[in-house]
Amino acid sequence: MDPHEQDDEALMAELRRIVADADPVPDTVVAAARAAFETRDLDRDLAELVADSAAADAGFETVRQTSGSQAAGRLLSFDGGGVRVEMEVTRTGDDLTLIGQLDGAAGTACDLERGGGHRTAIELDDLGRFLVTGLPPGPLRLRCRSAGGAEVVTVWITL
């Protein structure tokens, strides 16, 4: 390597250090990147997000309202692999509450995965309903088995 290339490499290393100190990558971005990397599991079906009340063209009707014009929660629908997930997300202080129902899932349990590799088992009742409280905001997805036995995972969503 000639001396000019060495100088360029040293300058680039110093610039990387300065940028890392002045404007570090936020933890949520690192968690989302890690979560995206983990989606490379090819032995499962993916349940895509088919409706999100936060989207302008969601098509959801507002049924409940809090004071003012803000909706009580965010409604999400996922579909794929023979499983449909309907979920409402509400915020209480810094915590989230998920209320939902899985249709087409086998068994009475599934997992909630969060960024950073955290996985929590959630119990389903005989109608496939679930409730999760005290959840911190961030990326998450659900993992369950379809009635046909295939593993089904929702796409990652950041709440």
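A residue is called buried when its relative accessible area is under 20%, exposed when the value is over 50%, and partly exposed in between (1.4 Å probe, protein chains only). By this scale Asp52, at 12% relative accessibility, counts as buried. The model is predicted, so local features need pLDDT of at least 70 and side-chain atom pairs count only at pLDDT 80 or more, while totals for chains, interfaces and linings use all residues. Residues are numbered from 1 along each chain as its sequence is written, and side-chain values use heavy atoms, with hydrogens and water left out.

## Overall architecture

The protein has 2 helices and 10 strands; here helices (H or I, at least four residues) and strands (E, at least two) are DSSP runs, numbered from the N terminus. Read from the N terminus, the order of elements is α-α-β-β-β-β-β-β-β-β-β-β. Of the 159 residues, 30% count as buried. A contact means heavy atoms within 4.5 Å. Among contacts with a separation of 6 or more, 53% come from residues 24 or more positions apart. The protein exposes about 10000 Å², of which carbon and sulfur atoms supply 52%; accessible areas come from the Shrake-Rupley method with a 1.4 Å probe, and for residues only the protein chains shown count as cover.

## The helices

Helix H1 covers residues 3-22 and includes Ile18. With 40% relative accessibility, Ile18 counts as partly exposed. Together with Leu11, Met12 and Leu15, Ile18 forms a nonpolar patch on the surface, and the four have about 350 Å² of accessible area together. Patches are made of residues with over 30% relative accessible area and no salt bridge; like charges are joined within 9 Å and nonpolar side chains (Val, Leu, Ile, Met, Phe, Trp, Tyr) within 5 Å.

Helix H2 spans residues 27-37 and contains Ala33, which is partly exposed at 47% relative accessibility. The C-alpha atoms of Ala33 and Pro139 are separated by 9.9 Å, although the two residues are 106 residues apart along the chain.

## Salt bridges

Side chains of opposite charge can pair when their charged atoms come close. A salt bridge is defined as a side-chain nitrogen of Lys or Arg within 4 Å of a carboxyl oxygen of Asp or Glu. The structure holds 11 of these pairs, and the table gives examples.

| Salt bridge | N to O distance |
|---|---|
| Asp52 and Arg74 | 2.5 Å |
| Asp79 and Arg84 | 3.5 Å |
| Glu113 and Arg143 | 2.4 Å |

Asp52 and Arg74 meet in a salt bridge. Asp52 lies in strand S1 (residues 45-52) and Arg74 in strand S2 (residues 74-80), so this pair ties together parts that are 22 residues apart in sequence. In the pair of Asp79 and Arg84, Asp79 is partly exposed at 35%, and Arg84 is partly exposed at 31%.

Glu113 and Arg143 also meet in a salt bridge. Their pair links distant parts of the chain, since Glu113 belongs to strand S5 (residues 109-114) and Arg143 to strand S8 (residues 139-145), 30 residues apart. Both residues are buried. Salt bridges with shared partners join Asp111, Glu113, Arg119, Arg141, Arg143 and Glu151 into one network.

Ser77, in strand S2, is buried at 2% relative accessibility. Its side chain makes a polar contact of 2.5 Å with the side chain of Glu86.

Thr154 is found in strand S9 (residues 151-154) and is buried, with a relative accessible area of 4%. The side chain of Thr154 reaches the backbone nitrogen of Leu142 at 2.9 Å. Not counting residues up to four places away in sequence, Thr154 touches Leu46, Ala47, Phe78, Val85, Arg141 and Leu142.

## Cysteines

A disulfide is a covalent bond between the sulfur atoms of two cysteines. The criterion used is a pair of cysteine sulfur atoms within 2.5 Å, and by this rule the count comes to 0 disulfides. Cys110 is in no disulfide, as the nearest cysteine sulfur, that of Cys144, is 5.6 Å away; this distance is too far for a bond. Cys110 is buried at 3% relative accessibility, and Cys144 is buried at 7%.

Terms used. A polar contact is a pair of N or O atoms within 3.5 Å; within protein, one must be able to donate a hydrogen and the other to accept it, and residues adjacent in sequence count only if both atoms are side-chain atoms.
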